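Subject: Structure handover

Hello,

Here is the structure for your files. My notes on it follow below.

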Amino acid sequence: MQPNLGPGEDFQLLLERQVREMQSKAAALNEALSSAGATVRTRDGSVTVTLAPNGALTNLELGHRACELGPARLTAAIMGAVRDAQRQTARAVADSFATINGDGESTEMVRSFLPPDPPPDGGFAAPESAETAPPPAPAPPAPPAPPSAPRRRPAADDRPDDESNPW
């Protein structure tokens with residue numbers, strides 16, 4: 001394959017120009033990806049999550065209302081916020097990649113890994129087990145523990161000549 005050289009251009013200058021362009025694109029992509037993380041807060045303010053550009057959870061804050069939600073609704077709120085933040089982060093990464101590299105085959109491949117869009121209502125349902133299963137029956141109270149007999153030291157501890165025992 002012959003390089004596409006302009007008039008008066010030699011191969012070394014062409015390579016140097018391509019290297020500079022690639023370095024510039026890499027620096028721009030690095031900068032764009034560094035700022036691609038997301039912070040999402042639920043509508044009621046009970047949960048706030050922060051994700052790094054790679055999708056790693058870097059912070060989870062529970063607001064005052066979090067305790068009022070109960071386990072199933074709190075779990076759903078946390079998972080919904082994480083999914084929203086993952087979607088925002090993934091879109092920011094894909095958009096950064098497209099801005100730097102254009103809309104080619106590699107950009108389409110990156111976009112194919114984007115998380116699915118949320119349901120039309122914009123919310124996430126509570127876990128299936130919480131919606132479909134009846135509430136668990138209360139556990140019967142545990143029987144009271146039998147009274148314990150007072151502990152007595154072994155006879156060897158009662159010897160007055162045992163100086164190693166501080167009791």
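The sheet and what lies around it

Strands E1 and E2 (residues 47-51) pair in the antiparallel sense over four bridges; strands are DSSP runs of at least two residues and helices (H or I) runs of at least four, numbered from the N terminus, and two strands pair if DSSP finds at least two bridges between them. This is a predicted model, in which local features need pLDDT of at least 70, side-chain atom pairs count only at pLDDT 80 or more, and totals for chains, interfaces and linings use all residues. Residues are numbered from 1 along each chain as its sequence is written, and side-chain values use heavy atoms, with hydrogens and water left out.

Val40 has Val49 in E2 as its bridge partner. The open sheet has three strands in the order E1-E2-E3, with antiparallel pairing. Its edge strands, E1 (38-41) and E3, each pair on one side only.

Leu60 belongs to strand E3 (residues 57-62). Its relative accessible area is 38%, which means partly exposed, the class between buried (under 20%) and exposed (over 50%), using a 1.4 Å probe and protein chains only.

Leu29 sits in helix H1 (residues 11-34). Leu29 counts as buried because its relative accessibility is 18%. Apart from neighbours within four places in sequence, Leu29 is in contact with Ser96, Phe97 and Ile100, contact being heavy atoms within 4.5 Å. Leu29 and Ile100 are 71 residues apart in sequence, yet their C-alpha atoms are 6.5 Å apart in space.

Regards
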